[in-house]
Amino acid sequence: MQNKNIKTGYVYSDEILKYRFNNEHPFNQMRLKLTTELLKEAKFLKPEHIIKPRIATDDELALIHKYDYIQAIRHASHGILSEEEAKKYGLNSEDTVQFRHMHRHSARIVGGALNLADRLMDGSLDNGCHLGGGLHHAQSGRANGFCIYNDVAITAKYLVERYNQRVMIIDTDAHHGDGTQWSFYTDNQIMTYSIHETGKFLFPGSGHYTERGEDLGYGYTVNVPLEPYTEDDSYLDVFKETVEPVIAAFKPDIILSVHGVDIHYRDPLTHISCTLSTLYTIPYIIQDLAARYCHHKVIMFGGGGYNIWRVVPRAWSHVFLSLIGEPIQQGYLPLSWINKWKLYSPVQLPKRWEDRLNDYTYIPRIKEISEKNARIAKQVSSWYAHYKDEK
């Protein structure tokens, strides 16, 4: 457990909740509000932790995104984007639809991450989290997978360009971090690592372990695709086996991690069968790696997670708890939080930090699935050991 003197930032304002496609859309920032309220009611999140976001400038967005794309998002904000342009820029699907003031609300998410990065770099903070961010699917010139501007990629490039940092991105979302990967596929200053459900069955279809980068970036992209219905033990075994060798060889100055919690078995959009136990453990592993390799410097982002009442608040709370040096929680959730939100929740809220597992389906193919995952992990580790020897 880290020193309690560590200074931690938490990006939040109610304005972040305005990144919202429509009332029926699965990407619902109410999950951020629920998490923030839970941390406050549990007496962990205090006013001095809060970092207010700003709206990122066009030049900052252009570290990753094309100017014509940024202009298209501005047009979409005011309902003046043509159908042809909407198709060109990925704004014509049910996944990533246009909404009022989308440029401002999307750029604010980026600005929150950059404010946090600046605070880490000037030494006023040691680490922090931005649970309203983690929009890792956005491409340089195209919206994708609920994501408009890629705050993770922009922050990584910002840290390289402004502060000359070596940046390691660790993405544990169930979906492959494709937008981030392709942003740095030829880059040797930023290492991307993504562990995710295989693209054979899940959006975005990429992230095969043979995708390793090109030109100067060869070896700086690491993908660990997992079989559907992967359970806790297999997930954590593969993660531990593959992530630390990558960090040890790359020697980053700072880690950016994406904590999509859609690997949970109750998530409606994915097929991984992990429990809260794994979701609680992941940020502590990354925090420990940051302490040992980066002088504690880590920014943890949110990402996916679509069971917003029963899974996300408890899981994301542990992202923050790992950063402030608090242990994994057990026992009852704050009654004040339950009483406030049960009036709004369409499902029965959990009463405890632990998963009940009363609806967990045990997988008959667990041995076969675990063996396939272990083979991938061994392959990735062996390739990376070879790459490490060359460095």
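This note goes through the sheet, its helices and some local features of a predicted model.

1. Basis. The model is predicted: local features need pLDDT of at least 70 and side-chain atom pairs pLDDT 80 or more, while totals for chains, interfaces and linings use all residues. Residues are numbered from 1 along each chain as its sequence is written, and side-chain values use heavy atoms, with hydrogens and water left out.

2. Eight strands make an open sheet with parallel pairing, in the order 2-1-3-8-7-4-5-6. Strands here are DSSP runs of E of at least two residues, and helices are runs of H or I of at least four, numbered from the N terminus. Strand 2 (50-51) and strand 6 (221-226) are the edges, each pairing on one side only. Two strands pair if DSSP finds at least two bridges between them; strand 1 (residues 8-11) and strand 2 have two, in the parallel sense. Val11 has Ile51 of strand 2 as its bridge partner.

3. Helices on the sheet. Helix 5 packs on the sheet and touches strands 1, 2, 3 (127-130), 7 (254-258) and 8 (298-301). Its direction makes about 175° with that of strand 3. Helix 10 (residues 312-324) also packs on the sheet, touching strand 1, strand 3 and strand 8, at about 170° to the direction of strand 3. Contact means heavy atoms within 4.5 Å; axes are lines fitted to C-alpha atoms, for helices over the stretch in contact, and angles run from 0 to 180 degrees between N-to-C directions.

4. Helix 5 against helix 6. Helix 5 (residues 102-121) packs with helix 6 (residues 151-163) at an angle of about 35°, the axes being 9 Å apart. Residues in this contact include Ile109, Ala113 and Met121 of helix 5 and Ile154, Tyr158 and Arg162 of helix 6. The contact residues comprise ten nonpolar, one polar and three charged.

5. Aromatic pairs. Rings of Phe, Tyr and Trp (its six-membered ring) pair if their centres lie within 6.5 Å; planes under 30 degrees apart are stacked, over 60 edge-to-face, and the rest tilted. The count is 18 pairs. One of them, Tyr193 with Phe239, is tilted, at 6.1 Å centre to centre and 55° between the planes. Tyr193 lies in strand 5 (residues 190-197) and Phe239 in helix 8 (residues 232-250), 46 residues apart.

6. Backbone. Phe203 and Pro204 are joined by a cis peptide bond, with omega about 5°. Pro204 sits in the loop between strand 5 and strand 6. Asn164, a residue other than glycine, has a positive phi near 55°; its place is the loop between helix 6 and strand 4 (167-171).

Terms used:
Ala, Val, Leu, Ile, Met, Phe, Trp, Tyr, Cys and Pro count as nonpolar, Asp, Glu, Lys and Arg as charged, and the others, Gly among them, as polar.
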